[in-house]
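Work through the exercises below with the structure in view. Try each task before reading its solution.

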Amino acid sequence: FLTLVFVFMQCLVALLCYILSCYSVDIISFIAPGSVERVVYAAPMFKILIFFTLFMSMSSVLGGALQIVRVFSIGPLSQFFLNVALCCEYIFGIYLNLSIITVCWMILLNGLIIFFMHYFLYLKNGFKFALPTKNSFCMLSFFLKRLFPVFFSAGTSEINMMVDQAIASYLPAGSQSLLDCVSGFVRIPMQVIGSSFATVSAPQFAKISIRRPMRLSFYMLETLKLILWASLVGCVFFYFFSKKILITIFLSDNFTMDHVVAGSTVLILLSPMILFAGFNRVILNAYYANNMVLSSTLITLACGIFNTVFNILLMADFKLNGIVFATVIAEAIRTLILLIYLKIETGIHINIRHIVDFFFRCALQLFVFVFAFSYVYRYVKIFMENRLGDYYSLFNDSFLYWIVFGPIFIIFAALIFYTRRYFGIRLYYLK
């Protein structure tokens, strides 16, 4: 059955990629209607990068098989590798003055590497490809009926960001690139936090919904608490270091200080997506465990429409910041609607009072450590200024900055982890 699914889905994806590559100009004109003059420039890149989808699709099918044998690490690990590789390739492209087509081929190579990572584990865990049987075709029909509605609900964050890109095409040149650049940084913790917890919780929720359905509320609550705690740390990191990230990586003749200031604001506004996207992926697992696929899809489509309308309204006054803020609000509203409807249909509910109390405990812990970190940061910064003198600006605007302050932040993150119980932060999955 798995071999049939793999062959059928990848043939379908490959055909779709080929068709889209043939009509690349029309597709880009539809996605970015406000950038007509840049369509011709983007079409060659689209023809290369569209086949990146094929490699990721093959990896996803193999990853689904690996989850059956409780191999969950490859999904978050591959996503983390992809995001880090993309950032490194952007850096190499800037500093080595590589052509954009060369960078596109490097990105396509990332997809091939991720596929081989999945394929290696697939074989290592005893799986193999075999000829399909008659029963496999019956199972495939049932599988496809369940699969297609999930496309919209599972990929809502990416769909909303694609809508953002389309609407941002009406803004001045460079807005789309800035949004895509900033989104890449936010996707790293989104994949590490949201995707990893959602991947691990999916089979657990399915099993609990059959054996002990009333316990699903408890496991959902504990998973959401863990995502909330980890996401707040990520948001604080972007709040303090958003500008420094962009300066040390992208500051150049083509990426000026004005871009840095604008990008840091967008990064801070977009950082709550780590929290809400993670929430939604876990809540969707509860929907799938209770066979509520159609409901989740309809809610997702409604929030997608809301996101589009709000994008257009806020773009007029707040430009790119308005688009990003609208996306975060749409994701938060989706979280609320998903929770309310889940309670109505199944009786599964989340203790809001418990979540609020947990949030204030996390906020108190972060306040204490942010205050301490600010003091240490200021002291180390003054020390480095005095020691380096005229060379301090070179240190402050390069990767040397992270060699000093990166370990300090890691130490504080470790202290946050190990002192959580002193603030009453109790997490079931970290006992």
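**Exercises on one chain**

The chain exposes about 22500 Å², and carbon and sulfur atoms supply 71% of that area (Shrake-Rupley method, 1.4 Å probe; for residues, only the protein chains shown count as cover). This is a predicted model, in which local features need pLDDT of at least 70 and side-chain atom pairs count only at pLDDT 80 or more, while totals for chains, interfaces and linings use all residues. Residues are numbered from 1 along each chain as its sequence is written, and side-chain values use heavy atoms, without hydrogens and water.

**Exercise 1.** Find how the radius of gyration of the chain stands against that of a compact globule.

*Solution.* Step one: take the rule, 2.2 Å times the number of residues to the power 0.38, with the radius taken over C-alpha atoms. Step two: for 431 residues the rule gives a value near 22 Å. Step three: the chain has 23 Å, which agrees with a compact globule. The C-alpha trace spans about 75 × 55 × 50 Å along its principal axes.

**Exercise 2.** Is Ile-31 buried, partly exposed or exposed?

*Solution.* Step one: recall the cut-offs, with buried under 20% relative accessible area, exposed over 50% and partly exposed in between (1.4 Å probe, protein chains only). Step two: Ile-31 has 28%, so this residue is partly exposed. Across the chain, 48% of the 431 residues count as buried.

**Exercise 3.** Which residues does Ile-31 touch, not counting those up to four places away in sequence?

*Solution.* Step one: apply the contact rule, heavy atoms within 4.5 Å. Step two: the partners of Ile-31 are then Met-162 and Ala-166.
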